[in-house]
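This report describes a predicted model.

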Protein chains: 2
Amino acid sequence: MKRNTWQREAVRTALTTSEGFVSAQVLHSHLRDQGSPIGLATVYRALSSLESEGEADTLQQDGESLYRACTPGTHHHHLICRTCGKTVEISADPVESWAQKVAAENGFTQAEHVVDVFGTCAECSAALAEPGRVV
Amino acid sequence: MKRNTWQREAVRTALTTSEGFVSAQVLHSHLRDQGSPIGLATVYRALSSLESEGEADTLQQDGESLYRACTPGTHHHHLICRTCGKTVEISADPVESWAQKVAAENGFTQAEHVVDVFGTCAECSAALAEPGRVV
DNA sequence: GGCGGTTTTGACAATCATTATCGATAAGCG
DNA sequence: CGCTTATCGATAATGATTGTCAAAACCGCC
């Protein structure tokens, strides 16, 4: 049976209030800063649980897993600022059908795909374009 | 100055003759099996070197990096069998333009993207569909 | 409210890929 | 051939993640 613990809620909340993608370690630190005595292992477990339930998205970067809360049940992708980490959820219908078509043409079944777009958001672009204005 | 060592050549060759994506560890084992006394650290160095020179593609899976030789200089994506690891290079022109458009619409610049399609290839689909025929 | 069976937690150890270290080796050049 | 220095390789170090297991928390039920 699946149980309802305040720890799982705490992780879900912390994830929801985070701006972009966060690592398990960072999320754990945040929770500790807020006074939660939650354990690191529990954060890892809660995150993978949330992921398999479709309440969180994940991506790998530099050999660590980053997580982000997202609308449950919907399939979508992300546009991520590589400087400030801001994340925009994007729908990618044309890509969905393209992926299915390509897979089918090569005899592949059960196609899944990983699609993420990294870029520099307007603010960060502006900041980087101004040589005189150091942050 | 950049030097030419047989070790780098060995890694490049081993990568080229591999079927799909391979991990650094596996590649190292293969080289050892073939009689090379090459060191593990060297394989890692050679692989990241090849990657930054555009002679190899890389992707992260389960917290480990997988590499594959690919045509230098060309931009493309992969269709990967999640069972046998077979890899097909695919061009994704519609996705390229879609990614650029989406990035631009959200004010993002310098857009890069990660696009990989995982599936089960025809052979593996057939194998899995036959409960009686265990491999 | 109290009880029992089970799940979950949490501190810590273990694991595993990758990276750093550093003396030894050998590539390229004159 | 000898020198300079990039590269190698064995091993230690790192760091994220997972396993372990006793103690505590949760839930349905009485």
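In chain A, three strands make up an open sheet, ordered S1-S3-S2, with antiparallel pairing. Strand S1 (22-23) and strand S2 of chain A are the edge strands, each pairing on one side only. Strands here are DSSP runs of E of at least two residues, and helices are DSSP runs of H or I of at least four residues, both numbered from the N terminus; two strands count as paired if DSSP finds at least two bridges between them.

The model is predicted, so that local features need pLDDT of at least 70 and side-chain atom pairs count only at pLDDT 80 or more, whereas totals for chains, interfaces and linings use all residues. Residues are numbered from 1 along each chain as its sequence is written, chains are lettered from A and ligands numbered from 1 in the order in which they are written, and side-chain values use heavy atoms, with hydrogens and water left out.

Within the chain A sheet, S2(A) is joined to strand S3 (residues 64-69) by six antiparallel bridges. Along S3(A), A:Ala69 is the bridge partner of A:Ala56, and A:Leu66 is the bridge partner of A:Leu59. A:Leu66 also stands opposite A:Ser23, and the antiparallel pairing of S1(A) with S3(A) extends over two bridges. S2(A) and S3(A) form a hairpin with two residues between them, and A:Asp62 in its turn has a positive phi of about 55 degrees. Helix H1 (residues 6-16) of chain A lies across S1, S2 and S3 of that chain, at about 85 degrees to S3(A). Such angles run from 0 to 180 degrees between N-to-C directions, the axes being lines fitted to C-alpha atoms, for helices over the stretch in contact.

Chain B also has an open sheet of three strands in the order S1-S3-S2, with antiparallel pairing. Its edge strands are S1 and S2 of chain B, each pairing on one side only. The strand pairs of chain B are listed below.

| Strand pair | Bridges | Sense |
|---|---|---|
| S1 (residues 22-23) and S3 (residues 64-69), chain B | two bridges | antiparallel |
| S2 (residues 56-61) and S3, chain B | six bridges | antiparallel |

In S3(B), B:Leu66 faces B:Ser23, B:Tyr67 stands opposite B:Val22, and B:Glu64 is the bridge partner of B:Gln61. The hairpin of S2(B) and S3(B) has two residues between the strands, and B:Asp62 in the turn has a positive phi of about 55 degrees.

Chain A is assigned domain 1 (6-69) and domain 2 (76-129), with bounds from an automatic or database domain assignment. The contact takes seven residues from domain 1 of chain A and eight residues from domain 2 of chain A, where contact means heavy atoms within 4.5 Å. The C-alpha centres of these domains lie 22 Å apart.

The second largest pocket has a volume of about 200 Å³. A pocket is an open set of points on a 1 Å grid over the protein atoms alone where a 1.4 Å probe fits, with protein on both sides within 12 Å along at least five of seven lines, and lining residues have an atom within 4 Å of a point. Grid points are joined across faces, edges and corners, and the volume is the space filled by probe spheres set on the points. The lining has 14 residues, with A:Phe21, A:Gln61, A:Leu66, A:Ile80 and A:Gly85 nearest the centre of the pocket. Domain 1 and domain 2 of chain A each contribute at least three lining residues.
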